[in-house]
Each structure stands twice: as C-alpha cells, then as structure tokens.
Amino acid sequence: MTSNPPTKPTGKPLPHNLALEASVLGGILLRNEVLLELERLEVDDFYDRRHRVVFQAMRALEARGVVIDIVTLENEIERAGFLEAIGGVGLLGELALRVPTADNVSTYAATVVDLSTHRKAILLAADWVERLRAIDGEQDSNEVLADLLGAFGALERRREQDSRNIAELAHARIEQLEQVVIDRMEGRIAMTGATTGIAELDETLGGYPLGVISLLGARPGMGKSASAQACAAANAEQGHGAHAFTMEDSWMSYADRALARISGVSAQRIRQGDLSRHDIAKLLEAQAALRVIAQRWEVDDRGDLSAHDVVRAVRRARKRLNTRVVIVDYVHLVKREERKGMTEHEALDRIMAVFAAAAKADDLAYLVLAQLNRKLEERVDKRPILSDFRGSGGLEEKAKVVIGQYRGAVYGAPVRDVDWSCDCPAQVRRCFHTPSDEEHAARVQMLLLKNNNGASGVRRWAHWDGPTTTIS
C-alpha cells in the first residue's frame, strides 16, 4: 500500500509504518467511537496520501454526526473528488478487514504520531541547513532562525505531557486568583485576561479570556477596528504583547488611526494631508508615545494570510513581543482553504477551528473581528444578535465570548429602548433621559451576546470620538 511517499533528502524513505496506519483506519471503521480517543492524530500524520484522504473524510463525517462505514466513507470521498485518486472503494474494503479488534487503535495511533513527528523533524533539519546556506545580504537570518525554531517548538509541544493532575491545575489557578485579589484591593480592575481597552467591558469580562476566541462583530462604520486598536494599545501599555493582523486596512491606514487616537488630530485630515504646523507637532508627539510601546505592538497588513499563516507568525514573534493578545481584523478576509465543494460556512468554520486550537495551545487571547450580514439592516432594532453571526458562517460556535458593537448615530436620531432606556410613561415623546445629539454621536453599545464564563445579555457603554477613531 504505497502512493509515492515522501523521501529523505538523501533519497531514502522517511520513517513510517503503513500497516499501523491502515490498522488505525480499519479500527475506526470497526468502532467509530475510537475517534474520540485520537485527539492528537492529525491528517498529515499519515505517510500514505490515500490514508490522509480517508482520515480527512472520517473527521468530516464525525463532525456532522454521520455514522462512518464503507458506504458513507465512499460517498464523502467521492464528494470531495478524491475517490479515483485513492484507487476506488477497493481500498476501503481492505481497511475494513484490517483489524479483528479496535482495542489497540489508540496505541497504533500514538506510534503513527511519533513517526510523523520524526519525519517532520528530519525535514525541518534539512530545511534549516538549506535556508541557512541560502541566506544572503538581503535576507534576515534572525527571521529564518525564528521561523525554524518556532516550527521545532511546535513539534516539541506535541511530545509534551497531554494532561496534568488536578493539584497542579489548582495551584496554577490559585496563583492567578491571588493576583486578582491584589488588583481589587489596590483599586484596579481585576483582570484575568487581556484588557479590552474599554473600562466598562473590562469590569464585566475581566478582559478577553486567555486560551479561547473572543468574537467582535458589527456592521461597517460601528468602530470595531477602533475597538481592536484600543485593545492592542492598552495591552502594550501594560507591558503585554499585541500582534494585530489587519487584512482590510493598509499599514498607512492603520498608522493613521494610531496617530489620530493619540494626537487628537482628525484621522480624515491625516489621510488628506490637511495639516497645520501645530498638527504636525502633535503627530510627532504621538509618534514618540508609540515608540515607547513599539516593541510590544506589531502589525501585519498582508492581505493573503491563511489561518495557519497567522498562527505561525504569532508563534515566531511570541517570545520577542511577550504576546498576550492576537487580533484578526477581520475573519472574512482570511485566506480560505482550497477544497472542492467547500461552502462559505465550512471555510469559516475551519478558520475558526485553527484559531481556537492555537489559542488553547498557546494560552493566548484571540480577538477575531467579523463583518455582520446585511439582514439586520431590515429590522427596526438594528442592534446585533447572535443569529447575525450565524448568517456569517456559524462563527459564534467556536467563540467563548461574543460581542456585538453598535452605534445608533449611524442610523439617525436616538430610538427609545434601543439607544436609551428610562421609566418615563410611554406616551412621553421626549423625556429628560433622551441623549443629546452630542451624546448620541459619542455613544457606543458593546452588547455581550455570549459569555461562557459569566453573564451574557449585558449592555455596556463606551465613548466614541469619531474624528480620531478613539473608543474608550
């Protein structure tokens, strides 16, 4: 059972065991539940390309809750367009007869993972040698080394202990809680995550939680990019690294926002170059302030990054930045995985799955921004709800915290029970609670739509300065 397997740089085959790979797949066919025990096993751990196709199809069926047997597997592989490439249904029949019992599948799978790690280490070492040899005056050797060391670090993490005993977990948690108590005693907001940059939201959430995805969604013009930048700046000011991926704005637009929020000079005037000498002086002061936190705030404006590209970039820079929060602005612009017949929902689900796994593995806060669908514009109450995210691809399912951002001023005059609430009689046309035009223009609603570790359905307020794109 071979299919043009990869080889060592010397021409010799890389470490593998096709019989064990086939036994793992056969065991899954025999007893589907065994897949629950194979969390560490990934598609690219299989040496034989045909085995990768089969395992990918098994994972797809498992995700949809479909029973895995020869018929469903054949249909799934055919739907993906790979049935002929694996040699047809005959291979599936061979796999089904491979093992008399599924009891040893976990052991087989562990060996498959170990062999895969060995292969990757060999190839990485060879790549290291070739890339170092190729370095010339135009290449940064530190970047090459960081890339390769990051890749070796990822391999090492796969070999680390998968679990810890409850006493170790309790000890680590108590250390975190002690700091929370100290913060409260000293009058600071108790932060267990990465600060959001918005005081009322921090009081409710304790920051964007580490190890999971927080999702921030809004229609255009609501200030979600400003919120993301406020988060990055606040974390950098606290000594924590912020790694921002701005896939819509260029580096110039991002820099304009950063200069505007610190200097107080209108972002529009900066973009147009409509500046006085006094404005230039303010911008120079803002530049000096940014230089203080520059080593902890990094921006990547490449527009063609996949989810895996983002994760690799974060891991390369993590030690240098002391990264705490990763910002993706925004998820719909992340490069899709190329696969025949993949829907928008499936593509976004895969992207979010990669970010969720990385957040957990690296214990970082991932703040992912999303553009909400236009259907909410048809409602009288245009504030975001969870179903607005679902229409964008089921994004909220992978996030532990979901926030909708809303500025009523974008839609006109303030609306009672939407832009403000009061206990005045319903027939009162305009009560003293009604916000002034200036207050209305400066208000942002942060709607906590989902919070796995606390209260949801909560509305918090932020202050918006449109000309300088500042939110606080």
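**Exercise 1. Which residues line the second largest cavity, and how do they divide by class?**

Solution. Work on the predicted model.
- Step 1: List the lining. Tyr406, Gly408, Asp419, His440, Arg443, Val444, Gln445 and Trp461 line the second largest cavity.
- Step 2: Sort by class. The lining has three nonpolar, three polar and two charged residues.
- Step 3: Give the volume. The second largest cavity holds about 30 Å³ of space.
- Step 4: Find the main contributor. Strand E7 (residues 443–451) gives the most to this lining, with three residues.

**Exercise 2. Describe the surroundings of strand E7: its burial, its pairing and its hairpin**.

Solution.
- Step 1: Check burial, taken as under 20% relative accessible area. Eight of the nine residues of E7 are buried, and the strand is mostly covered.
- Step 2: Take one partner. Strand E6 (residues 401–406) pairs with E7 in the antiparallel sense, over six bridges. Val401 stands opposite Asn451 in E7.
- Step 3: Take another partner. Strand E8 (residues 458–465) is also antiparallel to E7, with six bridges between the two. Gln445 has Trp461 in E8 as its bridge partner. Both Gln445 and Trp461 line the second largest cavity.
- Step 4: Look at the turn. E7 and E8 form a hairpin with six residues between them. Gly457 in that turn has a positive phi of about 70°.

**Exercise 3. How many cavities of 30 Å³ or more are there, and what lines the largest?**

Solution.
- Step 1: Count. There are two cavities of 30 Å³ or more.
- Step 2: Give the volume of the largest cavity: about 40 Å³.
- Step 3: List its lining. The residues are Ser225, Ala228, Gln229, Ala244, Phe245, Thr246, Tyr254, Ile327 and Asp329.
- Step 4: Assign elements. Helix H9 (224–237), strand E2 (241–246) and strand E4 (323–329) each give two or more residues to this lining.
- Step 5: Sort by class. Five lining residues are nonpolar, three are polar and one is charged.

**Exercise 4. Which residues of helix H4 (residues 89–96) are buried, and why do they line one face?**

Solution.
- Step 1: Pick out the buried residues. They are Leu91, Leu92 and Leu95.
- Step 2: Look down the axis of H4. The buried residues fall within an arc of 100°, so they line one face of the helix.
- Step 3: Recall the geometry. An α-helix has 3.6 residues a turn, so residues three or four places apart point the same way.
- Step 4: Name the neighbours. The buried residues of H4 pack against helix H1 (18–30), helix H2 (49–63) and helix H3 (70–80).

Terms used: Residues are numbered from 1 along each chain as its sequence is written. This is a predicted model: local features need pLDDT of at least 70, side-chain atom pairs count only at pLDDT 80 or more; totals for chains, interfaces and linings use all residues. Side-chain values use heavy atoms; hydrogens and water are left out. On a 1 Å grid over the protein atoms alone, a cavity is a set of points where a 1.4 Å probe fits but cannot get out, and a pocket is an open set with protein on both sides within 12 Å along at least five of seven lines; lining residues have an atom within 4 Å of a point. Grid points are joined across faces, edges and corners, and a volume is the space filled by probe spheres set on the points. Helices (H or I, at least four residues) and strands (E, at least two) are DSSP runs, numbered from the N terminus. Ala, Val, Leu, Ile, Met, Phe, Trp, Tyr, Cys and Pro count as nonpolar, Asp, Glu, Lys and Arg as charged, and the others, Gly among them, as polar. Buried means under 20% relative accessible area, exposed over 50%, partly exposed in between (1.4 Å probe, protein chains only). The arc is that of the directions from the helix axis to the C-beta atoms. Contact means heavy atoms within 4.5 Å. Two strands pair if DSSP finds at least two bridges between them.
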